[in-house]
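Please look at the sequence and the structure before reading on.

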Amino acid sequence: MSRKRTMSLKKKLVLSAVAGALVIGGVAATVAIGNAAVPDVVCQGSTVTLSGEAGAPAASSGTFPVGTKLKVTNLDNGQSTTVAVNGPSGSCVLLNNAAFEKVREPGKNLIRRARIERVGGGGGGAAAPAAPAAGASGGAAASGGAAVQVPPATGEVVCQGSTVTLSGEAGAPAASSGTFPVGTKLKVTNLDNGKATTVTVNGPSGSCVLLNNSAFDTVREPGKNLIRRARIERVGGGGGGAAAPAAPAAGASGGAAASGGAAVQVPPATGEVVCQGSTVTLSGEAGAPAASSGTFPVGTKLKVTNLDNGKATTVTVNGPSGSCVLLNNSAFDTVREPGKNLIRRARIERVG
């Protein structure tokens, strides 16, 4: 066969999958894939947790628009749920309480091995709409359906599109922030009920603003631990400087004031200090002390020190999460301050 004829035949060779058929040079041959659509797996590697919101099974998302249908499968127990996105959040998918219960493992508030599939709706558009722009007066529908009129902003609107949740910390109303320095005054308005609170940043966190329990209760909707449509205004203080100071540098021995005001002496680090400035919280998982991580592989040993009380725990990473280190319940209890579910000043060391 001549070279020219061979090239001609190559040009006529067409491979395409159409409705379960393989078309080769115009001849259809059945392929053993059936007519099943290939799953549109999204947000691979993401962990999934719950928003604390009541109501029929649903989800919020910072990735997909309202109306998108997502199927979430917990790969550790094989259970799955299909939900529609009904609003924005800071995650690929954040399940409400009823949806999370369908896929939950007993005693766990986190799905570390999840498969998320887009199965319908949404039209491939933008993510769920965030809070109205700067000066918007609002006119959102409250939970009961009635419109809520929110006065226009009077301060500098910041962190547009951010969701707001709570730190689990007790005390007078206050906030922590990874964006604004200590002393900054922030006004947080829940656009779904019109309630607002003005708080002062008193330390660092991994969010634009993280309200403590009493501040969050001021703006909370019943049964919800997340404000999906929030307006955050900077109304004073802070001097426009850097964010709240993070944990001391690598080898620092510390000398932080504990909650009661007494200085806490923390021994110098002996391992490799990692993830400087990260806050540490808990996963809600039961079992012997352990941790999950999105930064270190399974088997890594990490020492976590709470610089506010000097307590430390050494744990082994046993799976993935979306954080540098996420402690399970028993590990977190080893370093917890009473009434707090967040360590804002943590030192994390890789020790093995």
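Strand β27 (residues 301-306) and strand β31 (residues 346-350) run antiparallel and are joined by five bridges. Strands here are DSSP runs (E) of at least two residues, while helices are runs of H or I with at least four residues, and both are numbered from the N terminus. Two strands count as paired if DSSP finds at least two bridges between them.

The model is predicted, so local features need pLDDT of at least 70 and side-chain atom pairs count only at pLDDT 80 or more, while totals for chains, interfaces and linings use all residues. Residues are numbered from 1 along each chain as its sequence is written, and side-chain values use heavy atoms, with hydrogens and water left out.

**The sheet**

The pair β27 and β31 belongs to an open sheet of four strands, with the order β24-β31-β27-β28 and antiparallel pairing. At its edges are β24 (272-274) and β28 (312-316), each of which pairs on one side only. On average, neighbouring strands of this sheet are turned by 30° against each other, direction ignored. For such angles, axes are lines fitted to C-alpha atoms (for helices over the stretch in contact), and angles run from 0 to 180 degrees between N-to-C directions. In general, strands of a sheet pair through backbone hydrogen bonds, either parallel or antiparallel.

**The disulfides**

How many disulfides does a search of the whole structure find? The search finds three, a disulfide being a pair of cysteine sulfur atoms within 2.5 Å. With the bonded cysteines numbered in sequence order, the pairing is 1-2, 3-4, 5-6.

| Disulfide | S to S distance |
|---|---|
| Cys 43 and Cys 92 | 2.0 Å |
| Cys 159 and Cys 208 | 2.0 Å |
| Cys 275 and Cys 324 | 2.0 Å |

The torsion about the S-S bond of Cys 43 and Cys 92 is about 85°, so this disulfide is right-handed. Because Cys 43 lies in the loop between β4 and β5 and Cys 92 in the loop between β8 (80-84) and β9 (94-95), the pair ties together parts that are 49 residues apart in sequence. Cys 43 is partly exposed at 22% relative accessible area, whereas Cys 92 is buried at 11%. Here buried means under 20% relative accessible area, exposed means over 50%, and partly exposed lies in between (1.4 Å probe, protein chains only). Cys 43 also has a positive phi of about 50° although it is not a glycine.

The link of Cys 159 and Cys 208 is right-handed, with 85° about the S-S bond. Cys 159 sits in the loop between β14 (156-158) and β15 (164-165), and Cys 208 in the loop between β18 and β19, 49 residues apart. Cys 159 is partly exposed, with a relative accessible area of 22%, and Cys 208 is buried at 10%.

The link of Cys 275 and Cys 324 is right-handed, with 85° about the S-S bond. Cys 275 is in the loop between β24 and β25 and Cys 324 in the loop between β28 and β29 (326-327), so the pair ties together parts that are 49 residues apart in sequence. Cys 275 is partly exposed at 22%, and Cys 324 is buried at 10%. Phi of Cys 275 is near 50°, a positive value in a residue other than glycine.

**A glycine in a loop**

Gly 206 lies in the loop between β18 (196-200) and β19 (210-211). Gly 206 is exposed, with a relative accessible area of 72%.
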